[in-house]
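Dear colleague,

I am passing on the structure we spoke about, and my notes on its salt bridges and strand pairing follow below it. Please read them with the model open beside you.

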Amino acid sequence: MAAKPVLYYFNGRGKMESIRWLLAAAGVEFEEVFLETREQYEKLLKSGVLMFQQVPMVEIDGMKMVQTRAILNYIAAKYNLYGKDLKERALIDMYVGGTEDLMGFLLIYPFLSAEDQVKQRAFVVQKATSRYFPVYEKVLKDHGQDFLVGNCLSWADIHLLEAILMVEEKKSDALSGFPLLQVTYINNIF
Amino acid sequence: MSGKPRLTYINGRGRMETIRWLLSAAGVEFEEVFLQSREQLLKLVKVLCGYHSDSPSPCYCKPPHANSRQSFGSLRIDMYVEGVSDLMQLILMFPFTPPEAKEKNLASIAEKATGRYFPVFEKVLKQHGQDFLVGNRFSWADVALLEAILAVEEKVPSVLSGFPQLQAFKTKMSNMPTIKKFLQPGSPRKPPPDERYVATVMEIFKLD
């Protein structure tokens, strides 16, 4: 029986969170090793398991994988969340690219001063409601299906749900004005 | 009607250059539309917002626990490409850094290239002794690495000293027919970003 994947990261969201989401959505149980001290990190570095000296790192299927996107691509493909052909994969990649950019604005949030956090929060909500959410709302409206791509649950849906919840944490009514996103992702999940 | 891919971007490297490299390496001819003014961009945005996918035929959802055969090759390619892309990100941002930060930035690029990224690929090539990074065949990873090597060399000419495998790699890749063609004058390859490029980007995307 295959060993569970092991995730190496800080005990927090950061770049690993999307990987946790995807594994969870695929029903894959995993273990986690949390980096808590500098010594731990240096030990990991010395052991040579961090290809570019960075985390996230995921031990999966006998490989020590690094680079968030590479890990996500692999998991999505392995668990049939990457569409049924190249064109669907391209759509998923485009949509995920968008939500990745959106969530990227929030990666630095915890490291900002309180004053800058207020500005960043407004910035993220503005980008979400004017650039990103309208796109996904329109995709759902145009094809009338329950999922973004191929009438089938894919990585794109999981990533979008993660993004929606993150933005809602900054502004609880961020989805007002996006009825399809509300129904598809919030009402149906909770 | 031409079936060629059509690239819409600014007349310069930026984020499109990697795509030009990949298409050219694959021997795919393409057309280019250059954004020259903010008005052009805004017009394009209006058009693009009307974009939607073709309605897909229903897919037969496989249960989420089904394992499809995985290609470790493509996994490796992704890891290498993403790593190189992180390095290229520094190069991408460089023209837009203020003059007083440029020297420090340049040192950072050199340090990241020689301390973090190039050693990885040097080791990969040394260990398997093959010409290509993955699976003993030409792949996106090779194209991406060559692009990065050349881009860093433009800023730090001696950056490959200390990386004999990468020097050989650079020569071999540059001589692959499609790449050789791309490296010649008159190809779609764009020159290094200059002041005019920076000014165009700032104006079109209203960056301050």
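A:Lys119 and A:Asp116 both belong to helix α5 of chain A, which covers residues 114–143, and they sit 3 residues apart there, about one turn of the helix. Please keep in mind that this is a predicted model. The two side chains form a salt bridge in which the closest N and O atoms are 3.7 Å apart. A:Lys119 counts as exposed, since its relative accessibility is 53%, whereas A:Asp116, with a relative accessible area of 32%, is partly exposed.

Elsewhere, salt bridges that share partners join A:Arg13, A:Glu17, A:Arg20, A:Glu32 and A:Glu169 into one network. Within this group, A:Arg13 bridges to A:Glu17, and the closest N and O atoms of that pair are 3.9 Å apart. A:Arg13 counts as partly exposed because its relative accessibility is 37%, while A:Glu17, at 18%, counts as buried.

The side chains of A:Arg20 and A:Glu32 also meet in a salt bridge, with 2.8 Å from N to O. A:Glu32 lies in strand β2 (residues 31–34) of chain A and A:Arg20 in helix α1 (residues 17–25) of chain A, so this pair ties together parts that are 12 residues apart in sequence. A:Arg20 is buried, with a relative accessible area of 10%, and A:Glu32, at 31% relative accessibility, counts as partly exposed. Over all chains, the structure holds 24 salt bridges, and those described here are among them.

Turning to the strands, β1 (residues 6–9) of chain A runs antiparallel to β3 (residues 57–60) of chain A, and 3 bridges join the two. A:Val6 has A:Glu59 as its bridge partner in β3(A). Strand β3(A) is also joined by 4 bridges to strand β4 (residues 63–66) of chain A, and these two again run antiparallel. In this pairing, A:Met57 stands opposite A:Val66 in β4(A).

Strands β3(A) and β4(A) form a hairpin with 2 residues between them, and A:Asp61, which is in the turn, has a positive phi of about 50°.

Methods:
Residues numbered from 1 in each chain as written. Chains lettered and ligands numbered in written order. Predicted model: local features only at pLDDT ≥ 70, side-chain atom pairs only at ≥ 80, totals over all residues. Heavy atoms only, no water. Salt bridge = Lys/Arg side-chain N within 4 Å of Asp/Glu carboxyl O. Buried < 20%, exposed > 50% of the residue type's maximum accessible area, 1.4 Å probe, protein only. Pairing = 2+ DSSP bridges.
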